[in-house]
Amino acid sequence: MIGLFMLALSLRLLYWLLLKRNYAFYDSPSDDVLYYHQWAVSIASGNNPREVFWGMPLYPYFLALLYQLTLGNLFWIRLLHAVLGAFNCVLTFGVAEKIFGPRVATLASLLMGCNFVLIYYDGLMLPATLIITLSLVVVLNLLRWNAQSGKKEWFLL
């Protein structure tokens, strides 16, 4: 499982380096990326938004938390986002292993780790990575839940 995580993380970091060296607009986000970036910076600076949410309201708060933890350093924010994307492969392994077994779980997490669309969205810093993480956590907890589960399991779910 550590090997799958490292493979997924290294592919994300390789893509990140390729973009940084070859894409002229790498440091100039636009559209949705800029929208979430500005929203997160506003939240991190203490401004509580009062307008209607035009997107995923949890993601800007998550991004604002990352901004505060890293003191606004975009390098560390991107790195943490790539780590979260690679961690999704580990969560996929856990879900697939619980349902189908270890061989299918390995294949599923390899496919997820090498999936260019997921690598692309992890590099853009869009809410898809967080949505996948939270969805996999819920599914994994549902698979582990049984009649004897206590309050801790219900809280996690």
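**View 1. Methionine 125 sits in the loop between helix H6 (116–124) and helix H7.** Helices here (H or I, at least four residues) and strands (E, at least two) are DSSP runs that are numbered from the N terminus. This is a predicted model, in which local features need pLDDT of at least 70 and side-chain atom pairs count only at pLDDT 80 or more, while totals for chains, interfaces and linings use all residues. Residues are numbered from 1 along each chain as its sequence is written, and side-chain values use heavy atoms, with hydrogens and water left out. Methionine 125 has a positive phi of about 65°, although it is not a glycine. Most residues other than glycine have a negative phi. With a relative accessible area of 6%, methionine 125 is buried, a word that stands for under 20% relative accessible area, whereas exposed means over 50% and partly exposed lies in between (1.4 Å probe, protein chains only).

**View 2. Leucine 71 lies in the loop between helix H3 (58–69) and helix H4 (74–99).** Leucine 71 is not a glycine either, and its phi is positive, at about 55°. Is leucine 71 buried or exposed? Its relative accessible area of 79% makes leucine 71 exposed.

**View 3. Helix H7 covers residues 128–144.** The expected span of a helix is 1.5 Å times one less than its number of residues; for the 17 residues of H7 this gives 24 Å, and the end C-alpha atoms are 24 Å apart, which agrees. Thr129, Leu130, Thr133, Leu136, Leu140 and Asn141 are the buried residues of H7. Seen down the axis of H7, these buried residues fall within an arc of 130°, so they line one face of the helix; the arc is that of the directions from the helix axis to the C-beta atoms.

View 4. At 1% relative accessibility, threonine 129 counts as buried.

**View 5. Tyrosine 59 and phenylalanine 62 form an aromatic pair.** Rings of Phe, Tyr and Trp (its six-membered ring) pair if their centres lie within 6.5 Å, and planes under 30 degrees apart count as stacked, over 60 as edge-to-face and the rest as tilted. By this rule the count comes to six aromatic pairs. The ring centres of tyrosine 59 and phenylalanine 62 are 6.2 Å apart and their planes are at 40°, so this pair is tilted. The two residues are three apart in helix H3, which means that about one helical turn separates them. Tyrosine 59 is buried, at 1% relative accessibility, whereas phenylalanine 62, at 22%, is partly exposed.

**View 6. Tyrosine 120 and tyrosine 121 form an edge-to-face pair.** Their rings are 5.5 Å apart from centre to centre, with 70° between the planes. Tyrosine 120 is partly exposed at 34% relative accessibility, and tyrosine 121 is also partly exposed, with a relative accessible area of 32%.
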